[in-house]
Amino acid sequence: MSFKIQPQYKGKITKKDLQKVFWRSIPTEHLWNYERMMNVGYTYAMIPILKKLYPKKEDLSAALTRNLEVYNVTPYIITLPEGIATAMEELNASDPNFDTESISAVKLAMMGPLSGVGDAFFWGTLRILATGVGTSLALQGNILGPILFLLIFDVPHFIIRYIMTFLGYGLGSNVIDKLKQSGIMDKVMEYASIMGIMVVGGMTMSMSKVNFVTKIGSGKGAQTIQNLLDGIAPGLATLALFGIMYWMLKKKMNPLLIMLIVLIVSIAGAYFNVLGV
């Protein structure tokens, strides 16, 4: 089975629409939040697409809610999942039997792999290269220092960001169409859902930390509660924290209130020498 990634504008979406996604993706990080990370910036870029595809208010509302799910990826390549999502939203608008959950599944499945590649290139390579050149000139009082830093980093960044918009739409419109024709679309969506859950789980583990510093025993044989828990199952405390957070959300508690509770418990735990860094 061969796949073409060159965009083919067969439906409502045009090149101009994708260019709007590109321009509106630039302030993504300005809209970052602790509750759902890049979800607002992601949806902001998608608004022109969604308004064009869903003229009915209830359909547009459902699409906006769907796109406001938690999302986080290297910001400079966020246009790739946005392009793919654009193609999938276009298919959904024209096919009443389209599974909207597959849009979220594909988005989530891409978070980990894309962030791994994007962070390594932009943060670990390009930024260091740009900083090295810019700083060496700036230390000599040369005005070219900050200028070259911006050029070395942003010229490749904007080129890649722009290309990824159309690459994503091409992948979404052509590959998904081929998958539907081959009859393996359901399997792909199932695997994408599994991958998405794994990515969210791994992200929860890497971004959350619980450390019980209270010691049990005396002398050299004394161990912290955290060491004992890690001996049973590493990450058990983090898993318990995740379970409590999930239970609170299921009870319809306000996320801001949950964060406030966590903050208060953390400060109290540190004060009484129960929790530590």
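Axes here are lines fitted to C-alpha atoms, for helices over the stretch in contact, and the angles between their N-to-C directions run from 0 to 180 degrees. The exercises below apply this to a predicted model.

**Exercise 1.** Describe how helix H9 and helix H10 cross, and which residues meet there.

*Solution.* Begin with the axes: those of H9, residues 236–250, and H10, residues 255–271, come within 10 Å and cross at roughly 145°. Next take the handedness, which is right-handed where H9 passes H10. Then list the residues in contact, with heavy atoms within 4.5 Å as the cut-off: Met245, Met248 and Leu249 of H9 meet Pro255, Ile258, Ile261 and Val262 of H10. Sorted by class, this contact holds 7 nonpolar residues, with no polar and no charged ones.

**Exercise 2.** For two spans that the unreviewed UniProt entry annotates as "transmembrane region", residues 128–153 and 228–249, state the helix content and the separation of the end C-alpha atoms.

*Solution.* In the model, residues 128–153 are 81% helix and 0% strand, and their end C-alpha atoms are 9 Å apart. Residues 228–249 are 86% helix and 0% strand, with end C-alpha atoms 29 Å apart.

Definitions and conventions:
Residues are numbered from 1 along each chain as its sequence is written. This is a predicted model: local features need pLDDT of at least 70, side-chain atom pairs count only at pLDDT 80 or more; totals for chains, interfaces and linings use all residues. Side-chain values use heavy atoms; hydrogens and water are left out. UniProt positions are given in the numbering used here, feature names are shortened, and annotations may be inferred rather than shown by experiment. Helices (H or I, at least four residues) and strands (E, at least two) are DSSP runs, numbered from the N terminus. A crossing is left-handed if the near helix is turned anticlockwise from the far one by less than a right angle, and right-handed if clockwise. Ala, Val, Leu, Ile, Met, Phe, Trp, Tyr, Cys and Pro count as nonpolar, Asp, Glu, Lys and Arg as charged, and the others, Gly among them, as polar.
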